[in-house]
Amino acid sequence: MKKLVLMFTALVTLTATQMVSAQKTIVDVAAGNDDFSTLVTAVKAAGLAETLSSDGPFTVFAPNNAAFSKVDKATLTTLLKPENKSALAGILTYHVVAGKLTAADVAAALKKEGGMVTLETVNGAPITVMQKDGKIWLKDQKGNSSEIIATDVMASNGVIHVIDTVVMPE
C-alpha cells in the first residue's frame with residue numbers, strides 16, 4: 001500500500017510540475033533557465049518578448065548559451081545595439097515557426113517526406129529540418145547545420161526545441 005501511495009504521489013507531483021511549466025509562456029520558460037540567458041537578452045533587445053508571450057502557438061528552435069558562444073563576440077555585441085534591432089529580430093524570428101510542432105510531429109513529417117522537411121519561419125524564410133546519423137538537424141539558408149539537442153520543452157503558447165548553433169537566414 002505504501003508503494004502505491006508513493007507512486008501516486010510521484011505521479012501527481014510530476015503532472016502538477018508539467019502543468020505549472022505549461023502555464024508559462026515561451027519567454028517565461030526561457031527566462032527561467034540560465035542556459036537561455038543570452039537568448040532572453042537578445043529577445044528583449046529585438047523587442048520580441050511581447051510577441052513570444054502572446055497566444056501563439058509557436059515552435060521555437062532556441063539556441064542555448066553555448067550556441068551563442070559560437071557567434072563572433074563583436075558581431076553579437078553589434079547585433080544587441082538598439083540601432084540593429086531589426087536585423088536581430090530577423091535572425092531571431094528565423095528560429096520561430098508558427099504552430100506547435102512537437103518532436104513527434106517533426107519525426108512523423110520526416111518519415112513521411114523521406115528524412116527532410118522545409119518549414120517556413122516567422123520571418124518568411126525557409127529552414128530545413130533533416131534526419132542524419134540518427135539525429136535531427138536544422139540546415140539554414142547559408143548551408144550551416146545545428147543539432148536539435150533537446151526537445152519538447154512545453155509552454156502555454158507553444159514548444160521549445162534546444163539547438164546547439166545559431167541558425168542564420170540569408
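Asp133 is exposed, with a relative accessible area of 67%. In this predicted model, the residue lies in the loop between strand 4 (126–132) and strand 5 (135–139). Although Asp133 is not a glycine, its phi is positive, at about 55°. A positive phi is also found at Asp152, another residue other than glycine, with a value near 60°. Asp152 belongs to strand 6 (residues 145–155) and is partly exposed, its relative accessible area being 30%. A further backbone feature is the cis peptide bond from Gly56 to Pro57, with omega near 5°. Pro57 is located in the loop between helix 3 and strand 1 (58–63).

One salt bridge is found in a search of the whole structure. The pair consists of Lys135 and Glu147, whose closest N and O atoms are 4.0 Å apart. Distant parts of the chain are linked in this way, since Lys135 is in strand 5 and Glu147 in strand 6, twelve residues apart. The two partners can also be described by their accessibility. Lys135 is partly exposed, with a relative accessible area of 38%. Glu147, with 16% relative accessibility, counts as buried because the cut-off for a buried residue is under 20%.

Helix 6 spans residues 85–93, and its buried residues are Leu88, Ala89, Ile91, Leu92 and Thr93. The cover over these buried residues includes helix 3 (37–45), helix 5 (73–79) and strand 2 (96–98).

Two cavities of 30 Å³ or more are found in the whole structure. The largest cavity holds about 150 Å³ of space. Its lining comprises 18 residues, of which Ile26, Leu39, Val43, Leu52 and Val60 are the closest to the centre. Helix 2 (26–31), helix 3, strand 1 and helix 6 each give two or more residues to this lining. The largest share, four residues, comes from strand 1. By residue class, the lining of the largest cavity has 16 nonpolar residues, two polar and no charged.

The second largest cavity contains about 60 Å³ of space. It is lined by Phe68, Val71, Leu76, Leu79, Leu88, Ile91, Val166 and Met168. Helix 5 and helix 6 are the elements that give two or more residues to the lining of this second cavity. The lining residues of the second largest cavity divide into eight nonpolar, no polar and no charged. Leu88 and Ile91, which are among the residues of this lining, are also among the buried residues of helix 6.

Key
Residues numbered from 1 in each chain as written. Predicted model: local features only at pLDDT ≥ 70, side-chain atom pairs only at ≥ 80, totals over all residues. Heavy atoms only, no water. Buried < 20%, exposed > 50% of the residue type's maximum accessible area, 1.4 Å probe, protein only. Contact = heavy atoms within 4.5 Å. Salt bridge = Lys/Arg side-chain N within 4 Å of Asp/Glu carboxyl O. 1 Å grid on protein atoms, 1.4 Å probe; cavity = no way out; pocket = protein on both sides within 12 Å on 5 of 7 lines; lining within 4 Å. Points joined across faces, edges and corners; volume = space filled by probe spheres on them. Nonpolar A, V, L, I, M, F, W, Y, C, P; charged D, E, K, R; others polar.
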